[in-house]
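Please find below a short note for a colleague who is new to reading protein structures. The points move from the whole chain to single residues.

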Amino acid sequence: MPFSKAPSKPGASVPRLMHQPKRASVRFLRQVGKLVPESQRSTSQDARMPSAPPHNPTVFVVDDDDAVRESLAALLRVRGFEVLAFSAPGAFQRYYRPHMPGCLLLDVCLPRQTGLELYEHLLREGKTLPVIFLTAHADVATAVAAMKTGAIEFLQKPCEPEALVASVRKALCVDAERRAHEQRVAAVASRIAKLTRSQRETLELIRSGETNKSIAARLGVSERAVEMRRSTIMRRLQVHSVAELFELVATHRLLAGQAPRLNGSQMPRHLP
């Protein structure tokens, strides 16, 4: 969704709306300043950039306002979160990989590319990182568009630090649940992938309730061959009974078709 940007020429008239982000940033900085000592705030966005990709859940902060970005990072670090901060969407896009767990704290109004455009681009690349949008000037249309992308939350600056921390905790939980779900799907799928084509055909007939005799007739093999296939199927799928076999196949189909939602049923808050 396009957003208006401040004029680049000095002295050009700026709509009142575009003055609000600065005032909102000042108020937010004052709030954070009460919680985070100045000595704990870094002025360099690369000061904490690790040489190796993070393995622990990380809050990725993308905001072009240096003071706000570093204050957000400092606040979250004080609360025990691992944080990486970026001043531009491109820097984050180049760094982030889908295997990195965490969530994204994303400013809506960024230069050259809006936060919404960045997140839509990430989704097209298959990077389904839970996102919390931050904006200094909210409107209903923007909030609705953000939530439709799967956003966890849409917060207006200056937001209460406790509300921000609560949203981050929720986003990290959502990401952990999604990754656990994907691991379960992958684990079952890897077992099923070990079956040959003929074994999969036999498995489908077993699942549909066919007897060994009817399966043998349909496949043109002996009942002994069907029994051997059944034994091999159960061994490769690591089950010990037909009941376990049915449960495994049903679970695979259920998990593959019911990935958890990114945002649950949260409604936008802090709208004007």
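The numbered points below describe the model and its cores.

1. This is a predicted model, in which local features need pLDDT of at least 70 and side-chain atom pairs count only at pLDDT 80 or more, while totals for chains, interfaces and linings use all residues. Residues are numbered from 1 along each chain as its sequence is written, and side-chain values use heavy atoms, with hydrogens and water left out.

2. The protein contains ten helices and five strands; these are DSSP runs (helices H or I, at least four residues; strands E, at least two), numbered from the N terminus. Of its 272 residues, 43% are buried, where buried means under 20% relative accessible area, exposed over 50% and partly exposed in between (1.4 Å probe, protein chains only).

3. The largest nonpolar core has 23 residues. Such a core is a set of buried Ala, Val, Leu, Ile, Met, Phe, Trp, Tyr and Cys residues joined through side-chain atoms within 4.5 Å. Strand E1 (58-62) and helix H2 (66-78) are among the elements that each supply at least two residues of this core. Helix H6 gives the largest share, six residues.

4. Val59 is one of the residues with the most contacts inside this core. Leaving aside neighbours within four places in sequence, its contacts (heavy atoms within 4.5 Å) include Leu76, Phe81 and Val168. A second, separate core of 22 residues includes Leu84, Tyr96, Leu106 and Phe133.
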